[in-house]
Amino acid sequence: MSKKIITVSREFGSGGRYIAEQVAKRLDYEYYDKAIIARVAEETGLSEKFIEGEGEYAPKQHWFTYAFVGRDQQGLSLGGRMYAAQRKIILDVAEKESCVIVGRCADDILSDREDCLNVFICGDLKEKTERITKMYELSEKEAQRKMREVDKKRSLHYNYYTERKWGDARNYSIALNSSQIGYEKCIDIICDLAGQ
């Protein structure tokens, strides 16, 4: 069965976003990353900048703090409202069209679909550090600190909302190391697995 939906989760600096974008172009699928942010902003009334900064990341350094974040009249925290809006949008786009969705717990949200290919992109520390250093003009030490912070926030967010472990290969159809395989080969493999 060909896969009409591809979700891509990724370590910071692994090139996962680039790989996802190239897969979408090659397969002529819709690409959802920043577009989800705009739609969540529309649904929640929150600013796109705020959603981009908070929508895929844990608000604090430990999952326990989620229990103490402020809640609205329906009992939802701000993070909960953003997650609910993202979930609704992801389910909606998956019903409507073939697409590639980056992050946002999409692999878990769409886990009951047989036409979904869930991918995790990781990379070696050395290459990820070099990439982040160049992209953000940081020192090696700053790049590694940023990498740890972003991945920790992604992990806490994912673990909290999905009750699964971020990066655990069992949650995905395939895990690829972009440092060892290379970006182009990762793109080839994902497209082949999609059945196109």
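**Close-up 1. Strand S1 and its two neighbours in the predicted model.** Residues are numbered from 1 along each chain as its sequence is written, and side-chain values use heavy atoms, with hydrogens and water left out. S1 also pairs in the parallel sense with strand S3 (residues 99–102), over four bridges, and Cys99 is the bridge partner of Ile5 in S3. Two strands are taken to pair if DSSP finds at least two bridges between them, and the strands (E, at least two residues) and helices (H or I, at least four) are DSSP runs numbered from the N terminus.

Close-up 2. The strands form an open sheet in the order S2-S3-S1-S4-S5, with parallel pairing. Strand S2 (30–32) and strand S5 (174–177) stand at the edges with a single partner strand each, so one side of each is left without a neighbour in the sheet. From one strand to the next, the twist averages 20°. S2 pairs with S3 in the parallel sense over three bridges, and Tyr31 has Val100 as its bridge partner in S3. Helix H4 lies across S1, S2 and S3 and runs at about 160° to S3, where axes are lines fitted to C-alpha atoms, for helices over the stretch in contact, and angles run from 0 to 180 degrees between N-to-C directions.

**Close-up 3. Lys96 in helix H4.** Lys96 belongs to helix H4 (residues 78–96) and is exposed, with a relative accessible area of 61%. The side chain of Lys96 makes a polar contact of 3.2 Å with that of Asp92; such a contact is a pair of N or O atoms within 3.5 Å, and within protein one must be able to donate a hydrogen and the other to accept it, with residues adjacent in sequence counting only if both atoms are side-chain atoms.

Close-up 4. Thr129 lies in helix H6 (residues 125–136) and counts as buried because its relative accessibility is 5%. A polar contact of 3.3 Å joins its side chain to that of Gln144, and, leaving aside residues up to four places away in sequence, Thr129 touches Glu140, Ala143, Gln144 and Met147, contact meaning heavy atoms within 4.5 Å. H6 packs against helix H7 (residues 140–162) at an angle of about 105°, with the axes 9 Å apart, and the two helices are therefore roughly perpendicular to each other, a term that covers angles of 65 to 115 degrees. Among the residues that meet at this packing are Leu125, Ile132 and Tyr136 in H6 and Lys146, Met147 and Asp151 in H7.

Definitions and conventions: This is a predicted model: local features need pLDDT of at least 70, side-chain atom pairs count only at pLDDT 80 or more; totals for chains, interfaces and linings use all residues. Buried means under 20% relative accessible area, exposed over 50%, partly exposed in between (1.4 Å probe, protein chains only). Angles under 35 degrees count as roughly parallel, over 145 as roughly antiparallel, 65 to 115 as roughly perpendicular and the rest as oblique.
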